[in-house]
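Student: Could we go through this structure together? I would like to see how the terms are applied.

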Amino acid sequence: MPSVLPVAVALSILSCGVSLDFGPSNSQFMLGDASQGLAAWGLEAGESYRLRIAKPTSDYMKQPGGWYLGFVKADLTEKNDKRDENSTYVSLMEPGSTAYTLGHKRWILEPVNGTKYVRIRSMKNGWYLTAQQELKSDERDDFSTYSMVMNPDAPGARPQDFMWMLTKDHWGAYKLRQVSTMRYLTGHRRASHDIRGNGSTYAMVRQEIHVGKFKVPAKDGRWILERVF
């Protein structure tokens with residue numbers, strides 16, 4: 001088993017009764033381009049990481065912390081992971097679960113030259129993390145869409161959909177926002193169609209919701225990036 005070195009530790013102070021806002025006011029944005037920004041945060045472009053979802057700040061999402069982002073090769077499972085010949089849905093996987101055992105969970109951070117954005121590439125097959133709303137099975141609700149890995153050479157693949165913006169909160173966790181949709185990567189177990197099985201949840205991108213004059217941030221998608229050696 002490869003060893004891992006956490007590069008961020010998320011602290012939950014929910015037990016103190018404190019309400020935390022992980023929106024832009026409490027986020028650090030990259031300085032310089034993506035390569036410089038990753039280096040400033042102690043992250044290395046082109047190296048292998050695992051993405052672990054941090055403990056949520058409320059019980060709204062019904063999703064435990066500590067699960068890892070990955071996907072299972074479609075012909076190894078009876079679940080509805082396969083989207084089409086060039087894409088597969090991604091999940092949050094509980095350590096010790098069948099999904100975790102079978103899943104591919106190693107990701108490469110690739111800076112997009114001349115921008116503050118990165119692409120997140122599976123080390124298994126070279127496909128990129130993305131979200132699209134082209135198929136009925138992609139849709140979750142009015143505010144969210146299920147996430148997937150996609151072959152960048154697939155017909156109709158849009159390079160802009162593979163770009164992500166990273167911000168870092170004051171507690172050392174990261175938020176991943178898809179540039180083309182401005183939605184945040186996260187996972188919920190509130191609806192039956194969110195639940196892939198025991199120990200796995202379909203991942204999604206979710207937008208910040210505006211209620212009247214107030215903005216409800218998508219603050220439940222906070223990630224720890226663990227370097228894999």
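Student: How many residues lie between S14 and S15 in their hairpin, and which residue in the turn has a positive phi?

Tutor: Four residues lie between S14 and S15, and methionine 182 in the turn has a positive phi of about 60 degrees. Keep in mind that this is a predicted model, where local features need pLDDT of at least 70, side-chain atom pairs count only at pLDDT 80 or more, and totals for chains, interfaces and linings use all residues. Residues are numbered from 1 along each chain as its sequence is written, and side-chain values use heavy atoms, leaving out hydrogens and water.

Student: Which strand is joined to S14 by five bridges?

Tutor: That is S13 (residues 164-169), antiparallel to S14. Lysine 168 has tyrosine 174 in S14 as its bridge partner.

Student: Why is S14 called largely enclosed?

Tutor: Buried means under 20% relative accessible area, exposed over 50%, and partly exposed in between, using a 1.4 Å probe and protein chains only. Five of the five residues of S14 (residues 174-178) are buried, so the rest of the structure largely encloses this strand.

Student: Which S14 residues point opposite to Lys175 and Arg177?

Tutor: Tyr174, Leu176 and Gln178 do. In a regular strand, side chains alternate between the two faces of the sheet.

Methods. Helices (H or I, at least four residues) and strands (E, at least two) are DSSP runs, numbered from the N terminus. Two strands pair if DSSP finds at least two bridges between them.
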